[in-house]
Every structure is written in structure tokens, then in C-alpha cells.
Amino acid sequence: MADSDLIKLYSKQILALAAAIPHLGSLEAPDGEAKARSPLCGSTVTVGITLDAGTITDFAQNVKACALGQASAAILGGVVIGLDRAVLQQGRDALHAMLSQNGPVPAAPFEGFEVLQPAREFKNRHASILLPFDATLNAIDAAMAAA
């Protein structure tokens, strides 16, 4: 990886997002919790959620990931309240397509993931970027199974 590729990949915008992740911590009484881990790099994201009629009403996350995973958690954390599983799955699928199939930037409310387009070239980073979605979807599944 050339120095210019690293500079492009770790832009000021990505580093700023990584430093300002919303909803850090844990919920006192979550409806569902889940942890997702990238086996390649060891990054983890743990999510707790509360639901009302299938919609996320509260959200907390604990992020131990590279700057790209942290930026992804920041973007998702900024829009996740008020979303349901179907919308989150669509967002995850669109982000995966953007990264692995040169697809378009995900539609609103996930357009902030545009900043991660330079990561397309770095397949070893894709799993870390998808972790916040995976943990959130798994937390929803856990909440629905417990209901």
C-alpha cells in the first residue's frame, strides 16, 4: 500500500468521525444485545438496543475497531434511532455492494458512508466497516427472539 493510498484511506473526515462516535457505552435495560467481531483484524462492536414496535428507540455501542470501523460506527450511530430492521438490512446490503461490487453510495439515511468509498480497494477492511450494522441487526434479532 503506497503512502498516498493510506492518506486517501485515512482522510481527516474519517479520523474526525472515528473520534466522535455517538451513543458510546451501554444501555441499562436493553431489549437486545449483540457483539460482532471481524475474524481478520479482531475488531469488535457490541450493541444494545431498545425497540418499540420493531423500531429502535434507544441505542448504545462499544466499539473496539480500526479507524474505518470507528467511522462506520459513528455514521450508523448518527442515524440509527428510529430505524427498523428492514431499513438497516437495506443499508448494510447497500454498503456491502458499495465496498465489494463498486456499487453506489447507500441511499438516505446512509449517504454518510460515502466517506468510506476509498476502502473499496482494501478488502481486508470491509468486515470491520460492516461490523456496526452486523451487531445492530443481531441485537434486533436477539430482542425479537426474547419478545
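This report walks through the fold, the strand pairings, the nonpolar core and the salt bridges of a predicted model.

## Overall fold

The protein chain has five helices and three strands. Following the sequence, these elements come in the order α-α-β-β-β-α-α-α. The radius of gyration is 15 Å, close to the 15 Å that the globule rule gives for 147 residues, so the chain is as compact as a globular protein of that length. Along the principal axes, the C-alpha atoms fill a box of roughly 50 × 25 × 25 Å.

Of the 147 residues, 43% are buried. The chain exposes about 7000 Å², and carbon and sulfur atoms supply 52% of that area. Among contacts with a separation of 6 or more, 61% are between residues 24 or more positions apart.

## Strands and hairpins

Let us start with the strands. E1 and E2 pair in the antiparallel sense, with six bridges between them. Lysine 35 stands opposite threonine 46 in E2. The hairpin of E1 and E2 has six residues between the strands, and glycine 42 takes a positive phi near 85° there.

E2 also runs antiparallel to E3, and nine bridges join the two. Aspartate 52 has threonine 55 in E3 as its bridge partner. The hairpin of E2 and E3 has two residues between the strands; here alanine 53 is the residue with a positive phi, near 55°.

In soluble globular proteins, nonpolar side chains tend to be buried together. In this model, the largest nonpolar core holds 37 residues, of which Ile49, Leu88, Leu95, Phe113 and Leu116 touch the most other members. Strands E1 (32–37), E2 (44–52) and E3 (55–64) each give two or more residues to this core, as do helix H3 (67–79), H4 and H5. H5 gives the most, with nine residues.

Leaving aside neighbours within four places in sequence, isoleucine 49 is in contact with Leu27, Pro30, Asp31, Gly32, Ile56, Asp58, Phe59, Ala139, Ile140 and Ala143. Leucine 27 counts as buried, at 15% relative accessibility. Not counting residues up to four places away in sequence, leucine 27 touches Gly48, Ile49, Thr50, Asp58, Phe59 and Ala60.

How many salt bridges does a search of the whole structure find? There are two. In one of them, the side chains of arginine 85 and aspartate 141 meet at 2.6 Å, N to O. Arginine 85 lies in helix H4 (residues 85–100) and aspartate 141 in helix H5 (residues 126–146), so this pair ties together parts that are 56 residues apart in sequence. Arginine 85 is partly exposed, with a relative accessible area of 26%, and aspartate 141 is partly exposed as well, at 31%.

The other salt bridge joins arginine 92 to aspartate 134, with the closest N and O atoms 2.6 Å apart. Arginine 92 belongs to helix H4 and aspartate 134 to helix H5, so the pair ties together parts that are 42 residues apart in sequence. Is arginine 92 buried or exposed? Arginine 92 is buried, because its relative accessible area of 18% falls under the 20% cut-off.

Methods. Residues numbered from 1 in each chain as written. Predicted model: local features only at pLDDT ≥ 70, side-chain atom pairs only at ≥ 80, totals over all residues. Heavy atoms only, no water. Salt bridge = Lys/Arg side-chain N within 4 Å of Asp/Glu carboxyl O. Helix = DSSP H or I, 4+ residues; strand = E, 2+ residues; numbered from the N terminus. Buried < 20%, exposed > 50% of the residue type's maximum accessible area, 1.4 Å probe, protein only. Core = buried A, V, L, I, M, F, W, Y, C linked by side-chain atoms within 4.5 Å. Contact = heavy atoms within 4.5 Å. Rg over C-alpha atoms; globule rule 2.2 N^0.38 Å. Areas by Shrake-Rupley, 256 points an atom, 1.4 Å probe, with all protein chains shown as cover. Pairing = 2+ DSSP bridges.
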